[in-house]
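Let's walk through this model together, one step at a time. Keep the picture in view as you read.

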Amino acid sequence: MQATEILSSEHRVIERVIAALDAAADRLEAGEGVRPGFFVDATRFIRNFADGYHHGKEEGVLFATMARNGMPTDDGPIGVMLFEHDRARELTAGLGKAAERWAGGDRDVADTLADYARAYGELLTQHIYKEDNILFPMAAQAILPQEQDELLHEFGRIERAQAEKGSKASYLELAGSLCAEMGVDAEATPRRKVELPCHAC
């Protein structure tokens, strides 16, 4: 299996959790109930799986390998991806703070919580599209076939380090639970509308 195939498979899991976040935001906006800890659990998934397991492998291994093979990291596609990773972390921090307030019984934070959930989902949807359709094909050209085994080895190293915050399997299970709670089919292929800004086309 190619390194980018692993990352693409993780994208599908992240997209399903985004769909669950969207459904939860819909419920908040409709004045319906959402379990107090739902957004706390979703934030934990984002921090430890989407950012820890997934972005950790991209930044620590894939992007670094592409850079060694001549692709710049301070601008161009990798630069854009790194900027969006940082923006995702900012949105996750805001989501996490609002989630803690919601879990603590503060119902005045519902609109803020829904806004952060949607903003994160919109960013990651576009981000994933660009990686799957632009960056990963570029990686296939930039990374030599003989480097693939080393990439997979390094992926394993990052996953073993990240497992201190919970196994990958536990986060896949959490993703399934979040989807089930919001009525999202955890096995379905996510279908989300992607509107890319002109500079990313």
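**A walk along the helices**

Just after helix 3, G105 takes on a positive phi of about 105°. Helices here (H or I, at least four residues) are DSSP runs, numbered from the N terminus. Residues are numbered from 1 along each chain as its sequence is written. Please keep in mind that this is a predicted model, where local features need pLDDT of at least 70, side-chain atom pairs count only at pLDDT 80 or more, and totals for chains, interfaces and linings use all residues, while side-chain values use heavy atoms, with hydrogens and water left out.

Now step back into helix 3 itself. Helix 3 has 28 residues and spans 40 Å from its first C-alpha to its last, close to the expected 40 Å (1.5 Å times one less than its number of residues).

How do helix 2 and helix 3 pack? Helix 2 (residues 38–68) and helix 3 (residues 76–103) meet at an angle of about 165°, and their axes are 10 Å apart. Axes are lines fitted to C-alpha atoms, for helices over the stretch in contact, and angles run from 0 to 180 degrees between N-to-C directions. Helix 2 and helix 3 are therefore roughly antiparallel to each other (the word applies to angles over 145 degrees). The contact of helix 2 with helix 3 involves 13 nonpolar, five polar and six charged residues. In this sorting, Ala, Val, Leu, Ile, Met, Phe, Trp, Tyr, Cys and Pro count as nonpolar, Asp, Glu, Lys and Arg as charged, and the others, Gly among them, as polar.

Helix 2 has another partner to look at. Helix 1 (residues 3–29) packs with helix 2 at an angle of about 155°, with the axes 11 Å apart. Helix 1 and helix 2 are therefore roughly antiparallel too. Their contact divides into 19 nonpolar, three polar and three charged residues.

Next, zoom in on some rings. F45 and F49 form a stacked aromatic pair, 5.0 Å centre to centre with 25° between the planes (rings of Phe, Tyr and Trp, its six-membered ring, pair if their centres lie within 6.5 Å, and planes under 30 degrees apart count as stacked). Because F45 and F49 are four residues apart in helix 2, about one helical turn separates them. Is F45 buried or exposed? F45 counts as buried because its relative accessibility is 1% (buried means under 20% relative accessible area, with a 1.4 Å probe and protein chains only). F49 is buried as well, at 0%. Ring pairs link F45, F49, Y53 and Y171 into a cluster.

Key:
Helices (H or I, at least four residues) and strands (E, at least two) are DSSP runs, numbered from the N terminus. Angles under 35 degrees count as roughly parallel, over 145 as roughly antiparallel, 65 to 115 as roughly perpendicular and the rest as oblique. Rings of Phe, Tyr and Trp (its six-membered ring) pair if their centres lie within 6.5 Å; planes under 30 degrees apart count as stacked, over 60 as edge-to-face and the rest as tilted. Buried means under 20% relative accessible area, exposed over 50%, partly exposed in between (1.4 Å probe, protein chains only).
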